[in-house]
Each structure stands twice: as C-alpha cells, then as structure tokens.
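Please keep the sequence and the structure at hand while reading.

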Number of protein chains: 2
Amino acid sequence: MKRYEDLSPSLRCIMTPGPVEVDPRVLRAMSFPVLGQFDPEFTGIMNETMEMLRELFATGNQWAYPVDGTSRSGIEAVMVSLIAPGDRVLVPVYGRFGHLLHEIAERCGAEVHTIETGWGSVFEPGEIIAAMKRIRPDVVALVHGETSTGRVQPLAEIGQACREQDALLIVDAVATIGGIPVRTDAWKLDAVVGGTQKCLSVPAGMAPVTYNARAEAKLLKRKRVERGLRGGEVQPGEHSFVRSNYFDLSMLQDYWSPARLNHHTEMTSMLYALREGLRLVLEEGLEARYARHKLHEQALVAGLTAMGLALYGDPDCKLTVVTCVLIPEGIDGEAVRSLLLEHFGIEIASSFGPLKGLIWRIGTMGFSCRENNVLRLLGALEAALQRHGYPVACGRAVQAALDVYEAESG
Amino acid sequence: MKRYEDLSPSLRCIMTPGPVEVDPRVLRAMSFPVLGQFDPEFTGIMNETMEMLRELFATGNQWAYPVDGTSRSGIEAVMVSLIAPGDRVLVPVYGRFGHLLHEIAERCGAEVHTIETGWGSVFEPGEIIAAMKRIRPDVVALVHGETSTGRVQPLAEIGQACREQDALLIVDAVATIGGIPVRTDAWKLDAVVGGTQKCLSVPAGMAPVTYNARAEAKLLKRKRVERGLRGGEVQPGEHSFVRSNYFDLSMLQDYWSPARLNHHTEMTSMLYALREGLRLVLEEGLEARYARHKLHEQALVAGLTAMGLALYGDPDCKLTVVTCVLIPEGIDGEAVRSLLLEHFGIEIASSFGPLKGLIWRIGTMGFSCRENNVLRLLGALEAALQRHGYPVACGRAVQAALDVYEAESG
C-alpha cells in the first residue's frame, strides 16, 4: 500500500486576491470537536453567526447566513433563487467575474442583457441606469469589487434606481466584504454575497449572503417544500420553482429559522471558523478594519512606485484590496512569481483572459494585510526583479513604504 | 457592542447517523495554515486525495474528487450534470432520501418515475429491473443506505441491468461509504456520491464523488466552457447545457485535472480534513473497517435487545451503521433524547415523516463507532428509560454487549 505522508504544509506569505492567510484563532476554532447539527449549543452558534453577519453587511435584514459552499455557491444560490426562468437580467461587465454573473444567469434560464466597459475601468452610474431604462430588467446583477482587474464599482445610485424601476439588485461582494465598506441597507442592495477566503480571512468553504424583504417576497412566490418533508401545502407551478434544491434559499432560510426544517447538514467546522473570523472583524471594528486595508494599500503602492513599477487601470476606481501591477517589458511574470514562491515563500497572483501575462495582482486582504507582509513582499519583489535583470531602483521600495507607516503613526 | 464568547463546544458522544465525532487527527489537520489554491504543494494534496478516493470507492475511474459542499451538493452535482432536461429518470423510493432524489431529479427538469416500497424494507432487485423494462429510463437514481429507515439496498444486479438497458446508475452512498462495502466497479455503478460526516468521520463540508467513462461521455456532450475563460470552442445548444455552474462536473473535472482550469476556490482546510480522514481509512484498511462497523453493530443490537427493546424494520436488509429502535409504548422519545444529551452528553437521533416519534435512530459510524461509545450509550439509555418509568431489564444490556466483544477477541 502506498504510504501517504503526514500533512505538513509550508508556511506561506499569501499576497493574492484570495485565498489569503488565516488568523491562528480561526485555524484553532476548526480544531474543536464537532457538535450535532440540531444540538442546542450548535443552533446557538448558528444564531450568533447570523447576528454577526448582519453587522458585517450593515443591514437590518432578517436573513443573513452562510451558504455551504465556496463563494460562487453563494452567488449561484442568490441568482437561481431570485431569477426565474425567462426573467430579464442586466449584467454590467467590467472584468472576469461579470462574465461569471452572465454565465450563471444564463444557466438560470434568464434572458440576459449585458453592457460592457473596458477592463481597467468601471461604469458611471448613469450608464447602468440608462441601460436599465432601455432593458427594464427584473434583476440587475453587479460585481462590487472585481479582483480580475482590481476595480471597484460604486453602487449607491444603482440601488436607488433599482427601487425606482422595481428591479432587484444582486451584488457580488465576495472580494470586498470585510475589507472596504459594503453598506447593504444604505445603498439599497437587495441581495449581497460575500466570500470568506478574502478579506474575512476564513478558509474557502462558506459564502455569507444577505437579502431583504423585497428579495424574500420573490423567493416565497417560488417556494416549494421538499418531497419527504411536505404537508398539504400548495406547491408552485411547473416553471416557477427554483431549479436547485441545494441552493433554494427558501429552504435554506427555513433551516436557519427557529423551525430548523432539515435541509443539508450544516458544515460544523467551517461554521466555527466563520464565527471566529466574524468575532475578529467585530473586535477590530468595521471602520478600523477598512482604514487598515487603506493604509497597507498606500504603503504597498508607495513601495511599488518607488521601485519603478507602474500600476494597471484607472486610479479613480482602484479597489483598495487588490493592486494590479504592470509586468515590465521583457520580464517573464510567471518566472518572477515562481521565484517569489520557491525562494521567499511569498505568493502573488497572475491574471485571467486578456490580462494574462500582462499584470500581477497583489492582494492586501484580511489577516494577510499587515505591515510585515507588505515590507517582506516589497523587499522580495525588488530582489526578484533584480535577479531577472530588471533595472530596479534598489533600496527605495521598503523605505517608501516605511515612510507611509511612519507618517501614519506619527 | 455585544460580546461574543470564546468558542467552547462541549465534548459530545455522537451516536447519530451523522454528523458524528471526528478523529483528533482530522481536527488537527484543519488547524494547519492554508496554502494558495494553485500552490504546487496544494495541487499535490488534491492529487493525493483523488488517489485515496479511488481506493475508497474501489474503482479504477479517472474521476474521483470531492464536490465542495455538504453531501447533498454531491448528489445534486451528479444529478444535474448527468440528467438532461426531459430525460426519463427512475427513482425507487424506500425512505426519505429516495424522496430527495425524486425532488432533485424534478428540479433538473427530468420526467421522473418512481416506484415505492414500504418504509422498513427495500426492493427485490427484480422489482427494480421490471420497472426499468417498463419505463426505459435514461437514468436510475438509487439510495444505497437509507438512514431514515436504517435499510440497505443491494445494488449489484441493478448495475448489471443498467448496462444491459444502457441507463446510467447514480448511487447515493452518503451513509455507507467507509462503513460498509461500496464496490463501484464490481457492481457497475456509473456514478457514486459519498458523504464525509458519517462513516468517514470528517466534518460536513465535502461530498466525494466518482463516475466512470460512460457517465463522462454524457457529461462531455453537455460541456460548456465558462464565459470569461472561453476560447473558440463550439458550445452546446440551448437546452442541453448543465443548468448549474457550480455543480457542472465537466468544469469541476477540468479544475481537478492537470489543466487546473479555474473554477471555484478549493476549500483548503476541508481538503486537509478529507485527506487526513482518508489516510485514517486506508491505514485501518477497508475490509478491517467494515468488520469493525459490523462488530459494534452486533454489540449494540445485543445490548438493546437484552434491555427489552425491539428493533424497527426488516432484519434482512438492516443497514449496519444505523440501528432503528422502536420507542416503547408510553415513552416520550424526545424527552429521553434530551435527557441523554443534557445529562450524559450523548446524542442519538429521532426520525422523519411517518417515523417521527416512533423510532430512535442510533448510528455506529466511523470514529464514533467504538467499544467505549457503545457501552456508554447502552448504560445511559438503560438509565434514561428507567428514569422515564419503563420496566427495563436492568444490568443486562452492557453485559450482553461485553459478551459480544469478548467472543470476538477470544
């Protein structure tokens, strides 16, 4: 029999747009013994997690709970539950994850309309609103922070326009939740999906979602009780029920409600991790956390610029937590990434589609977003570029970042 | 601000049909720092996990990997990927989870045909084969071990019949994998779904699946490359593509293949847990593990019977890893369960639908399936029944179980 070795993963400095490093408190939480899913101690933990998620999403919504799967499971759950086959859906696309929303909406059977803007920028709210007036969508699906290009789309005016046109606004905040403000209620977002493995710094495996009463009303029209659990309820017609069982939010909310109607078996250890990650977020305080992400971004950008590197994309819509760097002419971006990983234990990311080979993407997210990581990365990247023959302005990057930190503390 | 306490779950003795107790080695594996999803160390762990899953499923299939979600996510992934809208699907139902397969097949847009047999028994293979001849299904979906009733359905003849009729056989082995034999290749099962939180004793959160080349051929006909990652490939027509992105196995297998085509972000810590759980299974040895489950079931049954309790259902098709006990006349089953949990720290399960209030379900699964747990439960249950005024034959249950253990070791 083949022998499989003891697990012994190397310690990495993970400066990608996720998954990022996990706080030791969260790692420890996963090592606690499991409870049964209907054990009152466990349902207590479920309820506390919902409370904390409401704070994170800045919402008074009743429903705020994790979907059991990776981030895109949350996106699919919200979309398949809120988009009925034949619905008109508008997806403004400004990067890879906009294409994903288009893709999922199509698989939901929607009539999908897209508008696109060049990668590296985002939409003026007026462009989206004009498209809404033309298309009269039932649903608008929009990425808040696009990690493929490092851009952030302003949302507040879109939320207001969706109310006026009676469309539902679904927002993919996978990359932004816990790192920059996501103001669900103030911006009138009807459904928001967060991710765990980015600014929350919890391992991939859950997707926190929240949705308001407008979204729930649509959901309840499509509600269907599972065979084997059904009483005499009237079931919805052939074409309106949700096409997924696992992702049917009307069933998930029954499981998360005091009724605890059996659905899946909640992921015990992942929920322990999420609860601990949320505690860390709330102990730090949301606004302090956003300020921390901003500070380390500034230090990173100061260092990269001092080194002689140029940033990608429109600076006016730069996403705080992802910094896209143009790979200098003549440098093999993948060789630099490998050198960083193999010799320095540091991971940065490449990109997708049209940006593949053109930019590196550096994340400053959650637990990974800290001074020693930023300084370590700058020093290592400088050395790696030098090693590859790039005429780097040696010794400046780390000093420039230290200047930012000193100015902040001074 | 509300203060949330340190996580501190009680230590439970979990004798339910899942989730069950987790081996400390698996819990520890989850506390290791995370790696990036494309870090070569991590893709190495992915590959090892696939190798071990092939052994677990007793298959030479190329494809054996976890779906990232709880057990029913694996069931839905296999069904939505292998059942095209309009397909004829036969679901033999002998308990709650057969109804779930019916439910999911309907949501996939299938023309579903069911046959039912009374809860507490299973089908003669001839009954299913006769229905197959009548219905000519494209897919047969069948539960291997039905935890709602504690029954096991023989599969070998059904696999052969599906080959002869060119139907695909999908098997829900969530409750049986790692506890009793699941012989994927020998029984000619086309797609099998396992669960983690039962006989594998890994926390809920992943669903290992395997499928053979017959299943893959159907999958590839429906394959569609994700928008944003697409080259010039021809895409399938309007009605044949898989209705889910997250559960599209043709994309998942590209992610698990050397191509590593980006899809979701693999659940790092859950994969660490699954890998460690599989190592434990293979170190014990599959046949030794099945024998262990059989031994502790015998001891449990001997003890329950000696106590004066009667078992539910047809003994010829009893599922080794779940023992259903009739709640004695006049005893409040939920009050006994609460007493066991609150005073003894032991959890057993109630049941669903027509069996609610009539039976208790006791699991002997994975790490929970051990001598000290069986003896502890028997002693506690005896005391709880006595406390509730049931004329229990005191002192006999534990002795009867010890007799079984002594006979085995002698």
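Domain bounds here come from an automatic or database domain assignment. For chain A, that assignment gives domain 1 (23–281) and domain 2 (286–409). The model is predicted. Between chain A and chain B, about 7,600 Å² is buried, and about 2,200 Å² is buried between domain 1 of chain A and domain 2 of chain A.

**The annotated lysine**

- The unreviewed UniProt entry places the feature "modified residue: N6-(pyridoxal phosphate)lysine" at A:Lys198.
- A:Lys198 sits in the loop of chain A that runs between strand S9 (191–194) and strand S10 (207–211).
- With a relative accessible area of 10%, A:Lys198 falls under the 20% limit, and therefore A:Lys198 counts as buried.
- Apart from neighbours within four places in sequence, A:Lys198 has contacts that include A:Pro17, A:Gly18 and A:Val20. Further contacts of A:Lys198 include A:Thr147, A:Val174 and A:Ala175, as well as A:Met365 and A:Gly366.
- The backbone oxygen of A:Pro17 is reached by the side chain of A:Lys198 at 2.5 Å.

**Domain 1 against domain 2 in chain A**

- The centres of domain 1 of chain A and domain 2 of chain A, taken over C-alpha atoms, are separated by 31 Å.
- Domain 1 of chain A contributes 31 residues to the contact, and domain 2 of chain A contributes 26 residues.
- Of the area buried between domain 1 of chain A and domain 2 of chain A, 62% is on carbon and sulfur atoms.
- There are 13 residue pairs in polar contact across this interface of domain 1 of chain A and domain 2 of chain A, both residues being at pLDDT 80 or more.
- On the side of domain 1 of chain A that touches domain 2 of chain A, two or more residues each come from helix H2 (40–56), helix H4 (96–107), strand S6 (145–146) and strand S7 (151–152) of chain A.
- One salt bridge is found across the interface of domain 1 of chain A and domain 2 of chain A.
- A:Arg183 and A:Glu287 form a salt bridge through their side chains, at 3.3 Å from N to O.

**Chain A against chain B**

- Chain A gives 88 residues to the contact and chain B gives 86 residues.
- Carbon and sulfur atoms give 55% of the area buried between chain A and chain B.
- In chain A, the residues that lose the most area to chain B are A:Tyr4, A:Leu7 and A:Arg107, which together make up 12% of what that side buries.
- The interface of chain A and chain B holds 34 residue pairs in polar contact, both residues being at pLDDT 80 or more.
- Helix H1 (24–30), H2, helix H3 (71–82), H4 and helix H9 (268–284) of chain A each give two or more residues to the side of chain A that touches chain B.
- With nine residues, H9(A) gives the most to that side of chain A.

**Salt bridges between the chains**

- Eight salt bridges are found across the interface of chain A and chain B.
- B:Arg12 and A:Glu41 meet through their side chains in a salt bridge at 3.6 Å, N to O.
- A salt bridge of 2.7 Å, N to O, joins the side chains of B:Arg107 and A:Asp248. Because B:Arg107 lies in helix H4 (residues 96–107) of chain B and A:Asp248 lies in the loop between helix H7 (213–221) and helix H8 (249–256) of chain A, this pair joins two chains.
- B:Arg107 is buried at a relative accessible area of 1%, and A:Asp248 is buried at 0%.
- A network of salt bridges links A:Asp6, B:Arg25, B:Glu276, B:Arg279 and B:Glu283.

**Salt bridges within chain B**

- In the salt bridge of B:Arg279 with B:Glu276, the closest N and O atoms are 3.0 Å apart. Both B:Arg279 and B:Glu276 are buried.
- B:Arg279 and B:Glu276 are three residues apart in helix H9 (residues 268–284) of chain B, so about one helical turn separates them.
- B:Glu334 and B:Arg337 form a side-chain salt bridge at 3.0 Å, N to O. B:Glu334 and B:Arg337 lie three residues apart, about one turn, in helix H11 (residues 333–344) of chain B.
- B:Glu334 counts as partly exposed, at 41% relative accessibility.
- Over all chains, the count comes to 44 salt bridges.

Conventions:
Residues numbered from 1 in each chain as written. Chains lettered and ligands numbered in written order. Predicted model: local features only at pLDDT ≥ 70, side-chain atom pairs only at ≥ 80, totals over all residues. Heavy atoms only, no water. UniProt positions renumbered as here; feature names shortened; annotations may be inferred. Helix = DSSP H or I, 4+ residues; strand = E, 2+ residues; numbered from the N terminus. Buried < 20%, exposed > 50% of the residue type's maximum accessible area, 1.4 Å probe, protein only. Contact = heavy atoms within 4.5 Å. Polar contact = N/O pair within 3.5 Å; in protein donor to acceptor, adjacent residues only side chain to side chain. Buried area = accessible area lost by both parts, 1.4 Å probe. Salt bridge = Lys/Arg side-chain N within 4 Å of Asp/Glu carboxyl O.
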